[in-house]
Amino acid sequence: MKNDLAKKITEALKLRDVMEFYGVKFNGRGFALCPFHDEKTASLSIKNEHYKCFGCGAYGGVIDFVMKSYGISFRQALVKLDSDFHLGLIGKEPDYRTRQQMAENRRIEKRYQEHQEELHQNYLTLCTVHAVLFRRYCNGEEWLKDMIEKLDILLDDFSGEEARLWEMATNKSHTQKTTS
Ligand SMILES: [Zn+2]
């Protein structure tokens, strides 16, 4: 991930543009005064997107240049380049409050899903009980009528969402049965 980002940043930028942006001036022959040591004659040049100083031996790519110029870490150099050149490759890190809110949202969502699942299971159980009792009622056990009516009311009390889930579940099993 980290290296992937470094690769993207390196690919997005030309070393010479970056060095010029940070104040290094190149002459007509492509040489610059080395920013890493004191010199009067330009002895730093760029080849294959790497700078090399023939005076002090400094060598590196665009990220090395920023790290060394500003005395910052690899990660800080990536952030600086992304920011200074408006690359938009690094997303803004969410602050503490945002992270807490996100975690809280995930907890609420999980609890909601668990609750939905529980409701759904209860609904399925009720449906099964209802079906069993209704079959017995049809087979002559008339005394079950009251209980079945109470179950009907209970089942009606479930939200439309539950009915939809139930429909989905039954349709699914129906489809599975017919296709197999
Ligand atoms: Zn040098």
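Analyst: What follows starts with the chain as a whole and then turns to the core and its surroundings.

The model is a predicted one. Its protein chain holds 7 helices and 4 strands, and along the sequence these elements are arranged as α-α-β-β-β-β-α-α-α-α-α. Of the 180 residues, 26% count as buried. The accessible surface of the chain is about 13100 Å², and carbon and sulfur atoms account for 54% of that area. Taking contacts between residues at least 6 apart in sequence, 43% join residues at least 24 apart.

The largest nonpolar core has 25 residues. Within this core, the members that touch the most other members are Val18, Met19, Leu44, Phe65 and Leu81. Two or more residues each are given by helix H1 (2–12), helix H2 (15–21), strand S3 (50–53), helix H3 (62–70) and helix H4. H3 supplies the largest share, 4 residues. Apart from this core there is a second, separate one of 8 residues, among them Leu126, Leu144, Leu151 and Leu155.

Neighbours within four places in sequence left aside, Val18 is in contact with Leu13, Val62, Phe65, Val66, Leu81 and Phe85. Two of these partners, Phe65 and Leu81, are also named among the core residues that touch the most other members.

After H4 comes His86, with a positive phi near 50°.

Leu44 leads in turn to the strands. The chain has an open sheet of 4 strands in the order S1-S2-S3-S4, with antiparallel pairing. Strand S1 (31–32) and strand S4 (59–60) are the edge strands, each pairing on one side only. S1 is joined to strand S2 (residues 44–47) by 2 bridges, and the two strands run antiparallel. Leu44, in S2, is the bridge partner of Ala32.

To sum up, the core draws two or more residues from each of H1, H2, S3, H3 and H4, with the largest share coming from H3.

Methods: Residues numbered from 1 in each chain as written. Predicted model: local features only at pLDDT ≥ 70, side-chain atom pairs only at ≥ 80, totals over all residues. Heavy atoms only, no water. Pairing = 2+ DSSP bridges. Buried < 20%, exposed > 50% of the residue type's maximum accessible area, 1.4 Å probe, protein only. Contact = heavy atoms within 4.5 Å. Areas by Shrake-Rupley, 256 points an atom, 1.4 Å probe, with all protein chains shown as cover. Core = buried A, V, L, I, M, F, W, Y, C linked by side-chain atoms within 4.5 Å.
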